[in-house]
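Here are a few exercises to work through with the model open. Try each task before you read its solution.

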Amino acid sequence: MSKTTAHSVVAPTPTARRVSGAIVILYALITMIPLAWIVMTSFKTPPDSIAYPPKVLFEPSLEGYCNLFTTRSRQTPEYLESLPAPEPGCDAIVRSRNMVIAGPSNVIPRFTNSIIIAFGSTFLAVFLGTITAYAFSRFKVPFADDILFFILSTRFMPPIAVAIPIFLMYRAIGLSDTHLGMILLYTAVNVSLAVWLLKGFIDEIPREYEEAAMIDGYSRLHAFVKVVLPQAATGIAATAIFCLIFAWNEYAFAVLLTSGTAQTMPPFIPFIIGEGGQDWPAVAAATTLFLIPIFVFTILLRKHLLRGITFGAVRK
Amino acid sequence: MTDSSAKAGVAERVAGATPAPLARRIRGLSDKAIAWLFIAPTILLLLAINIFPLLWTIYLSFTNYKANRKAEIRWEGTEHYTDILSDPEIWHSMQVTAHFVFWTVAIETVIGFALAYLIDRRWRGHGFWTTVILIPMMLSPAVVGNFWKFLYQPQIGLFNYGVSFFTGIDPSSFQMIGDVSLAPWSIVIVDVWMWTPYVMLICLAGLRSIPDYIYEAAEVDRASTWRRFWSITLPMALPFIMLAVLFRGIENFKMFDLINLLTSGGPGSTTEVASITLKREAFESWKTGYSSALAIILFVAVFGLANIYVKALNRVKQR
């Protein structure tokens, strides 16, 4: 806000600005190459994806996406001859490789798992985070700093170290490879972030609002629901997106504690295999679909990113 | 937690329905009650999912328990701890971890700070490009590790092609992941690609927290640009840089997902960082007691770092 006029004495020269801009844009473009390459690979045919030199220009194909969503079996030419003409689309693409579609692949159940677990744990973490943050923000809680530090410290535990006892515990109480088990686990990891972030947001809401409401006869809880929550809506949304991203991306717990029923996308993607090793276009297709929500979230969050990654300490 | 929310609902209804003087009394009482009602579920969840398992790990670390076998659990005292601390393999993986943490944090700090400094020149469009730069750090490390494995493929990978395009080295003459001397750098490169934006973002906040009047005063004193950088910019942004360094240090010390998918610790054990060793001992060799002890050692190390981190966090917060 105080930049243009007050800053004029020390403002960078136009040349300095232009050079700085050019270097940063160059860096940004270079770091985007791997991502662009993945999206491109998802539209290549398997032979194109492993061609040397790497193909920048190629004829786009949906084979990667077809392979991602189906399982296929190789057939003899005679059998293929005997079949009716393939329908255009995946059927035709698969048929041209002397194969037929045998059925759907596991990708849709895995994607559904990712969605259920990410949204379930986010909802719980944000709910718990909001009420806990409110309590720390508004009431004198004995040992508040110590409890807050305890809450944050749980976030720093190495996931593999936590996974050992969780694995034994879940096995004993029947939560291994279940949605509920993963939701509880991700909630526990995310709640620390949620409390710290939301405490920052709620601290910024003036107490006078609630006090005024309470003088008007609202109870404390009523004032919390009717006055504080709407004021904190942006903060709650930003926190929710951070929790969603964590749960969506998480791999260590997922790979160690799930094997089928509750397996999410991150442990699944590396095992998308075609004939003779990894089917890179299908892997790239899965990666592309998996990353799209993250792109959207990053853009939605851009104003709050800094807060999120510093547990609410650095505002701007 | 369903229990507590139900209680909260009841309390609300009671408070809403009672006549004013009585309601005030309930309200007077309930602030404390609400505080505990609001905090307890979170604490209980963390106790159940974090602290109880931690205590269990501590107990197991003194036993010979193997999770894949139903044998009697025998108390072994501190045997695992002495074994671990005198095991050359563990020290090797600690060295690999140290190499990884040191180089990633060093490179990320230098590039991240430089980028932040350049972005802070406030050229037109810096907001948009900052968002573009931030994308890699939002992605799933596991998925990132997996697709970099594709970029690193020795014959067909884009990375080798790019290197040979700019340097003329034969692209099939080196393998990033398969080579003993290059593999440690292959994980450093990916981590730098992914996490430099993180350091950049925090440094940028540091640079923007420096009030303009300080620069103006320096201008009046005719301090050179160089001098201004070393005596104003850097020292004033330092708490923020420290914050980023500490956090990256902690995160990379625990690093698992990216490396597990990129190299799985190989070739041999050249990229086997502590978390990979831990996973191998716990979930492949099923030496649960032994790996619990290793987990506790790692946890103590991280906890020490986290303590420093929170102190740094509070210092930055006061700005």
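Domain bounds here come from an automatic or database domain assignment. This is a predicted model, where local features need pLDDT of at least 70, side-chain atom pairs count only at pLDDT 80 or more, and totals for chains, interfaces and linings use all residues. Residues are numbered from 1 along each chain as its sequence is written, with chains lettered from A and ligands numbered from 1 in the order in which they are written.

**Exercise 1.** Find how chain A is divided and how its domain 2 meets its domain 3.

*Solution.*
- Start with the bounds: chain A has domain 1 (14-42), domain 2 (46-105) and domain 3 (108-309).
- Next, take the C-alpha centres of domain 2 and domain 3 of chain A: they are 39 Å apart.
- Now look for contacts (C-beta atoms, placed from the backbone, within 7 Å). In chain A, 9 residues of domain 2 touch 10 residues of domain 3.
- On the domain 2 side, α3 (46-49) and α4 (63-69) of chain A each bring at least two residues. Helices are DSSP runs (H or I, at least four residues), numbered from the N terminus.
- α4(A) gives the most to that side, with 5 residues.

**Exercise 2.** Work out how far apart the domains of chain B lie.

*Solution.*
- Chain B splits into domain 1 (2-60) and domain 2 (79-317).
- The C-alpha centres of domain 1 and domain 2 of chain B are 40 Å apart.

**Exercise 3.** Check the helix content of residues 115-136 and 223-248 of chain A.

*Solution.*
- Residues 115-136 of chain A are 100% helix, with end C-alpha atoms 31 Å apart.
- Residues 223-248 of chain A are 96% helix, and their end C-alpha atoms lie 34 Å apart.

Definitions and conventions: Contact = placed C-beta atoms within 7 Å.
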